[in-house]
Amino acid sequence: MTTVPYDTILERIRERYVREPELVQRLRAETASHPNSGMLLDPECGALLRTLVRAVNPKKSLDIGVFTGFSSLTVAIEAPDARVIALDVDAETTQIARRYWEDAGVADRIDLRIGPAAESLDALIAGGEAGTFDFAFIDADKPGYPAYVARVIELLRPGGMMLLDNMRWSVFEESHDDAAMLDQ
């Protein structure tokens, strides 16, 4: 039996299957210079996000943890009828997101809300939006995941899809602090 190192498999996946639009490549390049650039989805996870969004074709989507806007941009591009509610606490990094949303012509379909995500989700529930979302992507502070998941379950319609980032940490990076928390 031959074993192939994880890095080799990852490189092969990126070479053969990852095709990011030019605008997304520019966003990735700009984000690479940011001190927290490691928070950006890697290319193969971005490809998975694109594939799942195309499969679901959401009309209403949640993006919890915007950072520089990769996931919101991806959903808006891949689901042209989607309205995305994007939640983040950092008004500075989301300015980068806003520029790319404008460049892509999708800014009018993305509703950015700055503040604690749990409070924003509670406001959506209180506003009668339970059961109305088709898709949700969570890529925010890992200790907040349990609260976000509970609220998103309430906000998703039956058959809606929730995708959580960093779940593979519990498989590939057991010693990572967030991996231990996510594994519970």
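# Close-up views of a predicted model

**Figure 1. The overall fold.** Along the sequence, the protein runs α-α-α-β-α-β-α-β-α-β-α-β-α-α. That gives nine helices and five strands. Helices (H or I, at least four residues) and strands (E, at least two) are DSSP runs, numbered from the N terminus. This is a predicted model, in which local features need pLDDT of at least 70 and side-chain atom pairs count only at pLDDT 80 or more, while totals for chains, interfaces and linings use all residues. Residues are numbered from 1 along each chain as its sequence is written, and side-chain values use heavy atoms, with hydrogens and water left out.

**Figure 2. Surface and interior.** The protein has 184 residues, and 46% of them count as buried. Buried means under 20% relative accessible area, exposed over 50%, and partly exposed in between (1.4 Å probe, protein chains only). The accessible surface is about 9500 Å², with 52% belonging to carbon and sulfur atoms. These areas come from the Shrake-Rupley method with a 1.4 Å probe; for residues, only the protein chains shown count as cover.

**Figure 3. The largest nonpolar core.** This core has 29 residues. Leu49, Leu73, Trp101, Ile110 and Phe135 have the most contacts inside it. Elements giving two or more residues to this core are α2 (22-32), α3, α4 (70-78), β2 (83-88), α5 (93-104), β3 (110-114) and β4 (133-138). A second, separate core has 16 residues, including Ile85, Leu87, Leu124 and Leu155. A nonpolar core is a set of buried Ala, Val, Leu, Ile, Met, Phe, Trp, Tyr and Cys residues joined through side-chain atoms within 4.5 Å. In soluble globular proteins, nonpolar side chains tend to be buried together.

Figure 4. Leu23, Val24, Leu27, Arg28 and Thr31 are buried in α2. They lie on the same side of α2 because they cover an arc of only 140° around the axis. The arc is that of the directions from the helix axis to the C-beta atoms. On the other side of α2, Ala29 and Ala32 are exposed. The cover over the buried residues of α2 includes α3, α4 and α5.

**Figure 5. Phe135 and Val56.** Leaving aside residues up to four places away in sequence, Phe135 touches several residues, among them Leu49, Val56, Pro58, Lys60 and Met161. Contact means heavy atoms within 4.5 Å. Val56 is found in helix α3 (residues 43-56). Beyond its neighbours within four places in sequence, Val56 is in contact with Asp134, Phe135 and Met161.
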